[in-house]
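Good morning, colleagues. Please turn to the sequence and the structure on the screen.

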Amino acid sequence: MGLKNRIKHIMPLWLWNWMKNRENIYYERRMQKKCRKVDKFQPQKYPQGVNLIGDIRAETGLGQSMRMVAGLLELGKVPFMVLQMDAPDNLTHQEKDWDNKILPENKYGVNLIHINNSVWSKNYSRIPIGELSGRYNIAYWLWELEEFPDQWVSCIDTVDEIWTPAEFISRGIRKKTNKPVLTMPYGMELDTDNLLDRKYFNLPEEKFLFLVMYDFLSISERKNPMGAIQAYKKAISKENSRAGLVIKVNHLQDKQELDKLKEELAGYPNIYFIMDNLSRREVESLVAAADVLVSLHRAEGFGLPLAEAMYLGTAVIATNWSATTEFMDEESACLVDFKLIDLKEDIGPYQKGNRWADADICQAADYMRRLLTDRNYFDKKVALGRQHIRKALDKKEMAGKMADRISAIYYDECLGMK
């Protein structure tokens with residue numbers, strides 16, 4: 001556990017919240033002050049292209065999001081470079097596939113800024129004003145709930161336009177602004193020829209494996225791994241020697257959370273925990289090595305592991321709510337019914353009074369049993385999943401959409417249409 005989290009655990013909650021509020025006010029003021037000094041877009045001032053700003057090396061979901069956007073820009077033949085900004089929290093930075101694109105200062109006229117809303121004001125303040133001024137500034141934002149938080153609305157003042165990977169997010173942001181909010185999904189194209197096998201992960205070849213993945217940086221209450229574990233327990237008895245459950249955990253910060261999961265599964269055989277941070281090749285290989293990926297999430301801003309699973313030929317069981325429903329349907333995935341419930345207290349950035357999904361554990365368990373026992377059903381879900389995801393998230397199509405928008409920004413500005 002890092003120093004920041006140790007302090008949070010020993011400090012009274014009211015004091016921690018008061019300090020966070022004061023910090024937010026400080027950075028909010030700095031952000032607004034800098035924003036007022038940023039010159040409007042001057043399309044002739046810099047070469048046409050994109051400066052991709054953020055932590056492209058981070059082994060996180062946000063880092064992977066940025067790398068996927070880089071891939072779309074490259075495929076769309078959009079000139080671009082990367083301004084690397086290391087994120088806080090002592091993250092590892094081992095993803096270096098795009099190091100050849102990193103430059104010390106911005107080169108092009110459009111900034112595409114890949115920073116989370118929750119730390120936008122703080123990190124916006126870190127970007128030199130010369131890298132923002134005279135450029136067209138676009139935020140690429142992810143969010144998991146229906147409503148975009150009011151406390152982040154002021155961040156919209158700092159950009160000309162907002163992109164998101166899912167219409168679910170875009171709808172919420174459009175309620176709060178008249179600025180352009182465009183949905184720019186990721187495109188899926190994975191290397192399926194050089195994947196690692198089960199032996200690499202010390203997983204048994206003969207078991208039918210369900211996989212649950214989550215990252216403590218993504219708030220475990222939202223990812224809801226306990227729901228998937230409860231469904232597994234309903235579906236699979238302790239005497240069942242054919243099935244197994246793989247639990248992949250990233251960025252463990254509180255050992256008590258892990259102890260809860262282990263306690264919940266006490267007495268069950270064939271439970272496999274993977275705690276190491278994995279490279280992208282390892283993550284994709286682990287997903288491909290499993291038979292089923294289970295995600296009883298309460299909300300998702302995209303759900304990249306599920307899209308990857310469908311592409312790689314792994315069946316998926318997923319809550320039928322939020323952004324994941326934009327790339328899966330009842331034919332291509334096992335969609336789990338839910339009821340929307342109100343948050344009774346603040347959980348991380350998710351505020352009391354918002355809603356998220358509570359998946360039907362019994363229905364998820366039924367899907368688990370059927371996938372395990374009905375081979376024809378399993379094969380059909382895998383085949384339709386592969387087919388559907390390649391159409392829904394065609395990489396060439398998504399790259400073209402992104403390239404067209406960048407061209408339109410320059411075209412509209414030159415005609416004085418904005």
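I shall speak about a sheet, a pair of helices and one threonine. Please bear in mind that this is a predicted model.

I begin with the sheet. Six strands, or 6 in the order S2-S1-S3-S4-S5-S6, form an open sheet with parallel pairing. At its edges are strand S2 (80-84) and strand S6 (181-183), each of which pairs on one side only. From one strand to the next, the twist averages 25°. Strand S1 (residues 50-54) and strand S3 (residues 110-114) run parallel and are joined by 5 bridges; Val-50 has Val-110 of S3 as its bridge partner.

Two helices pack on this sheet. Helix H3 (residues 61-75) touches S1, S2, S3 and strand S4 (136-140), and its direction makes about 170° with that of S1. Helix H6 (residues 167-174) touches strand S5 (161-164) and S6, with its direction at about 170° to that of S6.

Next, the helix pair. The axes of helix H8 (residues 225-235) and helix H9 (residues 255-264) come within 10 Å and cross at roughly 10°. That angle is under 35 degrees, so H8 is roughly parallel to H9. H8 contributes Met-226, Ile-229, Gln-230 and Lys-233 to the contact, while H9 contributes Lys-260, Leu-261 and Glu-264. By class, these residues divide into 3 nonpolar, 1 polar and 3 charged.

Finally, Thr-319, which lies in strand S11 (residues 315-319). Is Thr-319 buried or exposed? Its relative accessibility is 0%, so Thr-319 counts as buried. The side chain of Thr-319 reaches the backbone oxygen of His-297 at 2.8 Å. Beyond its neighbours within four places in sequence, Thr-319 is in contact with several residues, among them Ser-295, Val-336, Phe-338 and Ala-357.

Definitions and conventions
Residues are numbered from 1 along each chain as its sequence is written. This is a predicted model: local features need pLDDT of at least 70, side-chain atom pairs count only at pLDDT 80 or more; totals for chains, interfaces and linings use all residues. Side-chain values use heavy atoms; hydrogens and water are left out. Axes are lines fitted to C-alpha atoms, for helices over the stretch in contact, and angles run from 0 to 180 degrees between N-to-C directions. Helices (H or I, at least four residues) and strands (E, at least two) are DSSP runs, numbered from the N terminus. Angles under 35 degrees count as roughly parallel, over 145 as roughly antiparallel, 65 to 115 as roughly perpendicular and the rest as oblique. Contact means heavy atoms within 4.5 Å. Ala, Val, Leu, Ile, Met, Phe, Trp, Tyr, Cys and Pro count as nonpolar, Asp, Glu, Lys and Arg as charged, and the others, Gly among them, as polar. Buried means under 20% relative accessible area, exposed over 50%, partly exposed in between (1.4 Å probe, protein chains only). A polar contact is a pair of N or O atoms within 3.5 Å; within protein, one must be able to donate a hydrogen and the other to accept it, and residues adjacent in sequence count only if both atoms are side-chain atoms. Two strands pair if DSSP finds at least two bridges between them.
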